[in-house]
Amino acid sequence: MGPDLAPGIPSRIGKYEIQGLLGRGGVGDVYKGYDRDLVRTVAIKVMIAKEHASEDVIARFMREARAAASLTHSGIVQTHDLRVEGNLHYIVMEWVDGKSLAEILKERTLAPREALETALQMSLALQEAHERGIIHRDIKPSNILVDSKGRPKLADFGLAVSLEDKERLTETGDILGTAWYMSPEQAFGSTEELDPRTDLYSLGATLYEMLVGRPPFDGQHVWAVMRRIERDDAVPPSVAVPSLGTRYDALVLRA
């Protein structure tokens, strides 16, 4: 007998038994599922728009699956399958038994060594993506999952783009992302300038938050944050948190 599920949550998706809802995003709902054939727990991301989805939304969803599936690295959540069944589009992914970095940061402050180790592991994962010509474009704490052994894994390639696709993005003026971690060229739609440094900026902003407890730029609304990204220099970590000392300033501000 399966688990008791909240109203509106399906008991099955394809061959997978659904064990609960993990989260909701702008494009998809993510469920915890179980594959009886292979005897393993999986995460299943289902496109929420279904028959109402535009061609752009479907293309973005398919691009996420294909981008993630092309990458094999211990620091990247693995994609097992992409299924299209009628109007239902879903991605079957590795199940990470743990929490997002965003959840962890709400609970406690990371020690500098732990923050640096997390950033190092994510930089190695990004190196794998960049060497294959893929820019993630949405590096942030909620897209970094930390398993039960403390190992970080990069997730959600929903905004990922191939370096070969930049011309198309320039035409559409795509500035999707999360403002607090956006690079200036991403925040202001300069998509012709997108390259791997865009992800390194966002990783630097994430490292800043791990060390300081908040992103490098903040504001009451998105446009205020974006203007600060364009206009201001980040306060050095040692100024924001004097107990850190100055040893991390050059690394974080360079990123």
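Modeller: What follows is a set of questions about a predicted model, each answered by setting a value against its cut-off.

Biologist: How many helices and strands are in the protein chain, and what percentage of its residues count as buried?

Modeller: The protein chain holds 9 helices and 11 strands, and 45% of its 255 residues count as buried. Among contacts with a separation of 6 or more, 55% join residues 24 or more positions apart.

Biologist: How do you know whether Val-39 and Arg-137 are buried or exposed?

Modeller: Val-39 has 59% relative accessibility, and the cut-off for exposed is over 50%, therefore Val-39 counts as exposed. Arg-137, with a relative accessible area of 2%, falls under the 20% limit and is therefore buried. Val-39 sits in the loop between β3 (28-35) and β4 (40-47), while Arg-137 is placed in the loop between β8 (134-135) and β9.

Biologist: What is phi near in Val-39 and in Arg-137?

Modeller: For Val-39 phi is near 55°, a positive value in a residue other than glycine. For Arg-137 phi is near 75°, again a positive value in a residue other than glycine.

Biologist: What makes the span of α1 close to the expected one?

Modeller: The expected span is 1.5 Å times one less than the number of residues. Helix α1 has 15 residues, for which 21 Å is expected, and it reaches 21 Å from its first C-alpha to its last, so the span is close to the expected value. The buried residues of α1 are Phe-61, Met-62, Arg-63, Glu-64, Ala-65, Ala-67 and Ala-68.

Biologist: What makes a set of residues a nonpolar core, and which residues have the most contacts inside the largest one?

Modeller: The members must be buried residues of the nonpolar kinds, joined through side-chain atoms within 4.5 Å. The largest nonpolar core has 29 residues, and those with the most contacts inside it are Leu-154, Phe-157, Leu-207, Met-210 and Leu-211. At least two residues of this core come from each of α1, α2 (101-107), α3, β9 (144-147) and α6. Not counting residues up to four places away in sequence, Met-210 touches Leu-101, Leu-105, Leu-110, Ala-115, Thr-118 and Ala-119. A second, separate core of 11 residues includes Val-27, Ala-65, Val-77 and Ile-91.

Biologist: Why is a space called a cavity or a pocket, and how many cavities of 30 Å³ or more are there?

Modeller: Rolling a probe the size of a water molecule over the atoms shows where empty space is left. The space is a cavity where a 1.4 Å probe fits but cannot get out, whereas a pocket is open. By this rule there are 2 cavities of 30 Å³ or more, and the largest cavity holds about 60 Å³ of space. Its lining consists of Glu-64, Ala-65, Ala-68, Val-77, Thr-79, Ile-91, Met-93, Ala-155, Asp-156 and Phe-157. Two or more of these lining residues come from each of α1 (55-69) and β6 (88-94), and α1 gives the largest share, 3 residues. By class, the lining of the largest cavity divides into 7 nonpolar, 1 polar and 2 charged residues.

Biologist: Which residues lie nearest the centre of the second largest pocket, and which element gives the most to its lining?

Modeller: The second largest pocket is lined by 14 residues, of which Leu-200, Gly-204, Leu-251, Arg-254 and Ala-255 lie nearest its centre. The elements giving two or more residues to this lining are α3 (112-131), α6 (197-212) and α9 (249-254), and α6 gives the most, with 6 residues. About 340 Å³ of space lies in this pocket, and its lining has 10 nonpolar, 2 polar and 2 charged residues.

Terms used: Residues numbered from 1 in each chain as written. Predicted model: local features only at pLDDT ≥ 70, side-chain atom pairs only at ≥ 80, totals over all residues. Heavy atoms only, no water. 1 Å grid on protein atoms, 1.4 Å probe; cavity = no way out; pocket = protein on both sides within 12 Å on 5 of 7 lines; lining within 4 Å. Points joined across faces, edges and corners; volume = space filled by probe spheres on them. Helix = DSSP H or I, 4+ residues; strand = E, 2+ residues; numbered from the N terminus. Nonpolar A, V, L, I, M, F, W, Y, C, P; charged D, E, K, R; others polar. Buried < 20%, exposed > 50% of the residue type's maximum accessible area, 1.4 Å probe, protein only. Contact = heavy atoms within 4.5 Å.
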